[in-house]
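Biologist: I have a protein model open and would like to learn how to read it. Could we go through it feature by feature?

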Amino acid sequence: MTESASPRTPLASGQPAHPSERTVLLRGGEVHSPADPFATAMVVERGQIAWVGSEGAADAFASGVDEVLDLEGALVTPAFTDAHVHTTAAGLAITGLDLSEVRSLSQALERVRTHARSRPADRVLLGHGWDAARWPERRAPYRAELDEAAGGRPLYLTRIDVHSAVVTTALLDLVPGVRGEPGFHEDGPLTGGAHHAVRAAAHGALTAEQRAEAQRAALRQAASLGIGSIHECAGPDISSAEDFTALLELAAQEPGPRVFGYWAERDVARARALGAVGAGGDLFADGSLGSHTARLCAPYADVGHTGTAHLDREEIAAHVVACTEAGLQAGFHAIGDGAIESVVAGIRAAAGRVGLARVRAARHRVEHAEMLTAQTIAAFAELGLTASVQPRFDALWGGAEGMYADRLGAERARTLNPYAALLRAGVPLAFGSDAPVTPLDPWGAVRAAAFHRTAEHRISVRAAFTAHTRGGWRALGRDDAGSLVPGAPADYAVWRTEELVVQAPDDRVARWSTDPRSGTPGLPDLTPGRDLPVCLRTVVAGHTVYVRPGE
C-alpha cells in the first residue's frame, strides 16, 4: 500500500499534516460501500467521505487532492465499533496478568508467582481471566494457595466474566467489613457486594500513571484491529468516576478511537455531569451465568438456585422514565431470562407513563441479552430496544460441552444468543466484546455470529458485519455513520485479505448474492480455520490513528 502527495510523490516519514484538513484519494482496491457495490476508490475530505466510485472516475480527482493512497488491492471498510468495552480493565489484561489462556489451576498459580516477582512495586497485584470450568481441577484457587503464590501481598484476580473474583488475605485486610458483605465466601470466589468492595480497593490502588498506561494500551490495540470507536461501559460498581473521566479526557486529547461513555448509575444528572452519553451500560439487573449470578426463571442445572436480581420492575421503570424525560439513553445489563423479563416489564411500564413513541425514540439498550424467548424478543421490537450483544460468548461457552450447557443443561443452552430470531423480529443489534471478558477481536466476533454453535441462530456475515459497524452507531442514536457513503464520518479501516465472498446461512441467498446482478458487495471469507483479515491502517474522522509497521 503506497501513499503519495499528489501527483504521486513520496510523503516524508513522521507526522503528516492534519488529515481533517486534507483531501485524500484512495484507489486501486475494494471499497465496501452501499453507495456503489463495485467501488474501487474513495475520496475523503475534511474528515468525511466525499465520494466513492470506480477506478476510471477516480482519475478526475487525482490532480486536485493533497494525497493519493494506492491501496494495491486492499479492502476498505467502515471502521468497527465495539459497543461494550471496559477500557482500563482491558488494558490491564494487556499490560498485566492475563490468565485467559491458562489451562490448569497449577499453571495459574505459577503465573501468579511469576507476575508477583516481576511487579515488586505494585501496591496491589491485578489479574484477570481465570476460568475453572476449563481446568481439570474444576475449582477456583483457595485463598491459602493465592496467599502463598502472591508472597503474602494483596492480589485481586477476576474470573473471565468479571462477575466474581478470588483474592488474598492481604487484600481482604484492606477492606474493613468486607466479610459482612453479601456475596462473601470464606474460601471461594467473591460475588455481589463483597466483590464490588474488593474491586474498589484494588482499582483504587492504581496510580494515575498505571491507569493511563492501561487505557492507552487498550486504545492502541483497538486501533490496530480496525476499531474506530468504542462504547465504554463504566459505573460505580465497575470502576470509578475518576477512571471514567480520565479515559474520556485521554481519548479527546490523543489520536485513537472515539470513546463514547456510558455510566451505570440510576442518577441521570450525575451521568450527564460526568460526560456520559447514557445512564446505562452495565447497570446490573443481574450477574453472569459463569458465576451463577445471572437471574433465571428456573434453577441452574448445577446448583439449586436461580441467581441474583439487582433491580425490580419499578426501579427499572423509574430509571427509564427519568432517562427518557432527560433525553438520555437508559441501559441495563441483563443475561438471565428472569432479568430480561424484569427489564422488559419495567420498560413497558415506563412506556405506559411517558408514551411508547418517546421510549422507542430513546433507543434504550439491553446489554448481553442472552436468554431470550419469543415473547421477550417481540417485546424488544415493540419497545425499540437495541440488543448490545457479544458473539464471542457463544464461541467461548456455547456448544454441547461448553459452560452454558454445564450451567443450564443442553436444552436451555441451545436457546442462548438467538441472533437470527432478533433480526427477523426487527431488533437492532450492536456487537461488542465486553473486553476484557473476551478480547477485542471484531472479525472474530463477526465469524462467531455467522458460525454460531447453534445453527438456527446464525446470521449472514454481512448482517454480522453491519451489527459491528453501523449497529454501534445506531445504538448511539446516530444513523449517519458506520458506512462508507458521501457525508458519513471518515472512520474506516484498510485490510489485507483474500478473495471477497458473500456468506449466508441459506445457501440460496449466498448463491444469488454472488451473482453480479445482485449488486451485493463481498466481505472476507470467515470460514473457521481461515486467516482473518489483517488491519493495515485505521482512520478516525480523517485522522490516521494506526498504520501497520512495515506498510
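**Reading the fold**

Modeller: Start with contacts along the chain. Among contacts between residues at least 6 apart in sequence, 72% join residues at least 24 apart. Keep in mind that this is a predicted model.

Biologist: How many helices and strands does the protein have?

Modeller: The secondary structure comes to 21 helices and 25 strands. The radius of gyration is 24 Å, close to the 24 Å that the globule rule gives for 551 residues, so the protein is as compact as a globular protein of that length. The C-alpha trace spans about 75 × 55 × 45 Å along its principal axes.

Biologist: What percentage of the 551 residues is buried?

Modeller: Buried residues make up 58% of them. In soluble globular proteins, nonpolar side chains tend to be buried together.

Biologist: Which residues touch the most other members of the largest nonpolar core?

Modeller: That core has 82 residues, and Phe332, Ile347 and Phe380 touch the most other members. Helix 11, residues 337-354, gives the largest share of this core, with eight residues. A second, separate core holds 20 residues, including Val31, Val44, Ile49 and Tyr492.

Biologist: Which residues does phenylalanine 332 touch, not counting those up to four places away in sequence?

Modeller: Among them are Leu283, Leu311, Ile316, Val320, Val343 and Ile347. Phenylalanine 332 also touches His319, Arg365 and Glu367.

Biologist: Now a single position. Is alanine 79 buried or exposed?

Modeller: To decide, compare the relative accessible area with the cut-off: buried means under 20%. Alanine 79 has a relative accessible area of 4%, so alanine 79 is buried. Alanine 79 is found in the loop between strand 8 (75-78) and strand 9 (80-85). Leaving aside neighbours within four places in sequence, alanine 79 is in contact with Gly226, Gly228, Thr469, Asp491, Tyr492 and Ala493. Tyr492 also belongs to the second core.

Biologist: How far apart in space are alanine 79 and serine 388?

Modeller: They are 18 Å apart, C-alpha to C-alpha, and 309 residues apart in sequence.

Biologist: Last, pockets. How many residues line the second largest pocket?

Modeller: This pocket is lined by 36 residues, and Ala89, Arg199, His203, Ile238 and Ser239 lie nearest its centre. About 520 Å³ of space lies in the second largest pocket. Its lining divides into 14 nonpolar, 14 polar and eight charged residues.

Biologist: Which element supplies the largest share of that lining?

Modeller: Helix 2 does, with five residues. Elements that each supply at least two residues include helix 6 (192-204), strand 14 (227-234) and helix 8 (241-253).

Conventions:
Residues are numbered from 1 along each chain as its sequence is written. This is a predicted model: local features need pLDDT of at least 70, side-chain atom pairs count only at pLDDT 80 or more; totals for chains, interfaces and linings use all residues. Side-chain values use heavy atoms; hydrogens and water are left out. A nonpolar core is a set of buried Ala, Val, Leu, Ile, Met, Phe, Trp, Tyr and Cys residues joined through side-chain atoms within 4.5 Å. Buried means under 20% relative accessible area, exposed over 50%, partly exposed in between (1.4 Å probe, protein chains only). Helices (H or I, at least four residues) and strands (E, at least two) are DSSP runs, numbered from the N terminus. Contact means heavy atoms within 4.5 Å. On a 1 Å grid over the protein atoms alone, a cavity is a set of points where a 1.4 Å probe fits but cannot get out, and a pocket is an open set with protein on both sides within 12 Å along at least five of seven lines; lining residues have an atom within 4 Å of a point. Grid points are joined across faces, edges and corners, and a volume is the space filled by probe spheres set on the points. Ala, Val, Leu, Ile, Met, Phe, Trp, Tyr, Cys and Pro count as nonpolar, Asp, Glu, Lys and Arg as charged, and the others, Gly among them, as polar. The radius of gyration is taken over C-alpha atoms; the globule rule is 2.2 Å times the number of residues to the power 0.38.
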